[in-house]
Structure formats: C-alpha cells, structure tokens
Amino acid sequence: VSGNIYAVGAALLGLGFVWQALKWGLETWLEALNRRSVQSWLTAGKMPKELEGLMDEEKALKSGPYTLAKSRFSQWESLWDLGILLTALALGWFPGWYEYARNSMGDSVWAHGAFMMLAFLGLSLFSIPWEYAFQFKLEERFGFNQSTLKTWVADKIKTWILSLALGVPVIAFLLWISRQAGTSWWIWAWLALTGIQLVLMALAPTLILPLFNKFDPLPDGELKDRLLALGEKTGFNAKTILVMDGSRRSKHSNAFFTGFGRWRKIVLFDTLIEALEPVELEAVLAHEIGHYKKGHIPKSLIFSTLGTGLGFWVLAQLAQSEWFYKAFGFDPVSESNPWITPAFFLFALLSGAITFLLQPVLNLWSRKNEYEADGYAYNTMKSAEPLIGALKKLNEENLSNPAPHPWYSGFYYSHPTLVERVRFLNSQN
C-alpha cells in the first residue's frame with residue numbers, strides 16, 4: 001500500500017512540475033502577444049488610431065519602450081523563479097530545512113511557525129538581485145527611481161523583521177488550532193485568520209505604514225477645501241486627508257484609502273498632487289469614494305473571506321492525505337508525528353499556481369467595479385472631463401501602456417484600459 005501511495009505521490013509531483021511549466025508558458029505567450037502589439041505601432045512610428053485625439057503622440061510612443069523593457073524583465077524573472085522553485089522541489093530542500101528546523105529549534109508551535117516564515121524568507125533571497133535590478137536599473141533608466149540604496153536596504157530589513165514579528169505568531173496560532181480543534185480545525189482557523197486580518201487592516205495606517213513612509217496632513221488651500229467639500233457632499237467624511245512621501249522611492253503616482261470605520265484615512269501621493277490639477281484630484285477622489293458608495297470594499301472582503309475559507313477546507317483535505325506528504329519528500333501525519341506543518345507550507349507555496357487560473361475572472365469583476373466607480377465620479381462631478389484629464393495625465397506620467405493586446409489586458413488588468421475608460425465616461429454624457 002505504501003508503495004502505491006508513493007507512486008501516486010510521485011506522479012502528482014510530476015504533474016505539478018508540468019503545470020508550473022505550462023503556467024510559465026502561458027505567461028510567456030501573453031507577454032509575447034503584448035510585446036508584438038506594442039512593437040507594431042512603435043515600428044510604424046505612430047500611435048494606434050484609437051488614441052488619436054486622446055493622447056500626445058510623443059508621450060504615447062514613449063510608453064512603448066518602457067512596456068517592452070518591463071515585459072522582457074518580467075519574463076526572465078518569472079523563468080528564474082520557476083527554476084528556483086522546481087530545483088527546490090526536485091532536490092528536496094524543504095524536507096531538509098524542515099528536519100533541520102525541528103532538530104535545532106524543537107517541536108513547539110513557535111518552532112513550526114518559525115520554520116515556515118524562515119523558509120519563505122529564504123526563498124525570497126533568490127529574488128533580491130531581480131528586485132535590485134528592477135529598481136536601480138530598469139526604473140532608473142526610465143526616470144522613475146527616486147530611492148537610494150540605503151532606503152532600499154532599510155525597506156528590505158524592515159519588511160523581513162515585520163514578516164517574522166507578525167507571521168510567526170499568526171502561523172503558530174493557526175497550527176495550535178489545528179492540534180486542538182479536531183477535524184473541524186479548519187473552520188476555527190479560518191475564522192481566526194479573518195479576525196486577525198480585520199485587526200491588521202485597522203492598525204496598519206497607524207502602526208505599520210508609518211514604518212516605511214512619512215504621512216503629513218494635507219496643507220490648507222484650494223485642494224483641501226475641494227476635497228473636504230466633496231467628502232461632505234457625498235457623505236464620506238474620512239478622519240483625515242494625508243499626503244504620503246511617495247517621491248522618496250518613485251515618481252509613480254497613486255491615491256488610496258486605508259483603514260475602515262473611524263480609522264479611515266484618505267492618502268494621496270505627493271507625486272499625484274504635483275501631477276494633477278485640484279479639479280482632477282477631486283475627480284480621482286470621487287472615483288475612490290465611488291468604490292465605497294457602491295459597496296465594493298465590503299464585497300471584496302466577503303469574497304476574499306469566502307475564498308480563504310475554501311482554501312482552508314482544501315488544506316484540511318490535503319493534510320489528511322498521505323500521498324501529498326510523500327510526493328514532496330515529507331513524512332505523513334501519524335500518531336508519533338501529528339504536525340500538519342508540511343501540508344500547510346506546501347499549500348501556501350503552491351496554491352498560487354491554481355489561483356492563477358482565476359485571475360482573469362477576478363480581474364473581470366474588478367474592471368466592472370472600476371466602471372461603476374467611474375460612473376459615480378461622473379455623476380458627482382457632473383462632467384466627464386476632470387476624470388478623463390486625470391486618467392490621461394496619470395497614463396502619461398506613469399508611462400502606462402495605452403493600447404495593450406486585448407487578451408493580455410483581459411487576463412492581467414484589474415482596471416479597464418485608458419481607451420475603454422474614456423469611451424465609457426464619454427458615453428455618460
């Protein structure tokens with residue numbers, strides 16, 4: 001029987017290798033489609049017809065080389081990550097790390113939690129050269145990098161410390177639940193993790209984000225008056241409006257809400273304030289308020305929570321399957337070895353290869369939400385022009401690809417393209 005189980009496990013491991021390779025192949029094919037689409041109008045020396053009258057041709061053409069460079073970089077980085085993962089699985093790195101951790105740190109829930117976080121951090125070390133190259137080579141070449149090596153290293157160290165400080169206790173707690181709650185442990189673990197995530201969402205604006213960036217109140221003036229008046233008009237009274245020093249690291253722009261309830265805050269990048277006119281920033285904020293008014297945030301939380309519950313149920317089934325452990329070189333659960341840590345670790349490591357297939361469906365839903373938020377901004381501003389102006393400028397400032405291949409954008413884009421958003425806003429007139 002054990003021989004048959006091992007054979008099943010080995011076969012499934014082989015299928016896992018094939019699936020990872022097919023996933024990379026699909027990613028590569030989509031990148032190639034998008035590059036050919038961009039290269040066609042770059043070679044012609046003129047932007048696509050759908051952008052005429054919408055963008056400055058010089059700025060549109062400038063986005064092409066940036067898109068191509070990021071695409072090639074992403075493809076090679078993805079191949080590197082795939083190679084590291086398959087090498088680790090083939091050579092049995094993880095069972096070796098696991099046994100070493102148990103022998104050196106003991107067999108407590110804290111030791112098991114530390115193994116998982118240290119294993120993930122160990123894998124992340126292989127990505128450091130690529131992260132450095134992206135920030136200080138590619139982004140530097142196109143004029144986006146504002147970070148110094150000192151800031152970049154400090155960010156890495158803070159991220160590692162924070163990951164260990166938060167991750168080890170959380171994982172240890174979930175593993176403790178798996179030992180105490182019987183066969184229904186996954187339900188209690190799911191509920192516990194949901195509660196922890198909600199607490200972190202509330203505390204992040206005050207305790208976590210300031211570790212990386214400086215947040216100052218928006219100065220008095222026309223912009224503040226406009227945004228406060230907009231909040232009052234829409235019934236969205238955030239506790240405060242903050243300006244984040246995003247320019248310390250990059251010239252890219254953004255705006256977001258953080259926290260919820262009485263901890264809710266509006267955050268604007270300083271680069272965004274510099275790029276847009278007050279009326280355009282008001283339209284951007286109206287769009288973000290639209291997400292709140294349309295219930296997108298609680299709906300996303302509910303959907304994410306249900307997905308997490310499904311994930312825990314799948315993990316519970318795998319944790320009882322002897323073949324799953326043996327396929328990856330781990331000893332299965334037994335009376336003398338009751339820990340499900342290997343199943344927990346492997347599920348966290350490999351589940352992304354399955355959820356990858358859901359990406360286009362989730363992005364389709366996200367784009368629907370973006371259209372609804374755009375519609376709310378139009379109705380609030382009584383005009384399409386402020387938001388259209390903001391979208392044009394952000395597209396140009398960030399060198400975003402204004403005309404991606406439709407299959408590429410359909411698979412990867414969480415927001416409609418510039419052309420699609422402008423067409424929708426104009427249709428509201």
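Ring pairs join Trp 93, Phe 94, Trp 97, Tyr 98, Phe 115, Phe 120, Phe 126, Phe 330 and Phe 345 into a cluster. The model discussed here is predicted.

Trainee: How many aromatic pairs does the count come to?
Mentor: Rings of Phe, Tyr and Trp pair if their centres lie within 6.5 Å. By this rule, the count for the predicted model comes to 29 aromatic pairs.

Trainee: Is the pair of Tyr 408 and Tyr 413 stacked or edge-to-face?
Mentor: A pair of aromatic rings is described by the distance of the centres and the angle of the planes. For Tyr 408 and Tyr 413 the centres are 6.1 Å apart and the planes stand at 80°. Since planes over 60 degrees apart count as edge-to-face, the pair of Tyr 408 and Tyr 413 is edge-to-face.

Trainee: Does Tyr 408 count as buried or exposed?
Mentor: Buried means under 20% relative accessible area. Tyr 408 has a relative accessibility of 13%, and therefore counts as buried.

Trainee: Which residues of helix H4 meet helix H3?
Mentor: The axes of H3 (residues 93-105) and H4 (residues 109-124) come within 10 Å and cross at roughly 135°, which makes H3 oblique to H4. H3 passes H4 in a right-handed crossing. From H3, the residues in contact are Phe 94, Trp 97, Tyr 98, Ala 101, Arg 102 and Met 105, and those they meet in H4 are Ala 111, His 112, Ala 114, Phe 115, Ala 119 and Leu 123.

Trainee: What are the classes of the residues in the contact of H11 with H13?
Mentor: Helix H11 (residues 296-319) and helix H13 (residues 341-350) pack at about 135° with their axes 9 Å apart, and their crossing is right-handed. H11 contributes Gly 311, Phe 312, Val 314, Leu 315, Leu 318 and Ala 319, while H13 contributes Ala 343, Phe 344 and Phe 347. Gly counts as polar, and by class the contact has no charged residues, one polar and eight nonpolar.

Trainee: How many charged residues are in the contact of H15 with H18?
Mentor: The axes of H15 (residues 359-381) and H18 (residues 418-427) come within 10 Å and cross at roughly 45°, which makes H15 oblique to H18. The contact is made by Glu 370, Tyr 371, Asp 374, Gly 375 and Tyr 378 of H15 and by Glu 420, Arg 421, Phe 424 and Leu 425 of H18. Asp, Glu, Lys and Arg count as charged, and by class this contact has four nonpolar residues, one polar and, as asked, four charged.

Trainee: What separates the C-alpha atoms of Leu 162 and Ile 208?
Mentor: Leu 162 lies in helix H6 (residues 149-180). Not counting residues up to four places away in sequence, Leu 162 touches Gly 167, Ile 208, Leu 211 and Phe 212. Leu 162 and Ile 208 are 46 residues apart along the chain, and the separation of their C-alpha atoms is 8.6 Å.

Technical notes
Residues are numbered from 1 along each chain as its sequence is written. This is a predicted model: local features need pLDDT of at least 70, side-chain atom pairs count only at pLDDT 80 or more; totals for chains, interfaces and linings use all residues. Side-chain values use heavy atoms; hydrogens and water are left out. Axes are lines fitted to C-alpha atoms, for helices over the stretch in contact, and angles run from 0 to 180 degrees between N-to-C directions. Helices (H or I, at least four residues) and strands (E, at least two) are DSSP runs, numbered from the N terminus. A crossing is left-handed if the near helix is turned anticlockwise from the far one by less than a right angle, and right-handed if clockwise. Contact means heavy atoms within 4.5 Å. Rings of Phe, Tyr and Trp (its six-membered ring) pair if their centres lie within 6.5 Å; planes under 30 degrees apart count as stacked, over 60 as edge-to-face and the rest as tilted. Buried means under 20% relative accessible area, exposed over 50%, partly exposed in between (1.4 Å probe, protein chains only). Angles under 35 degrees count as roughly parallel, over 145 as roughly antiparallel, 65 to 115 as roughly perpendicular and the rest as oblique.
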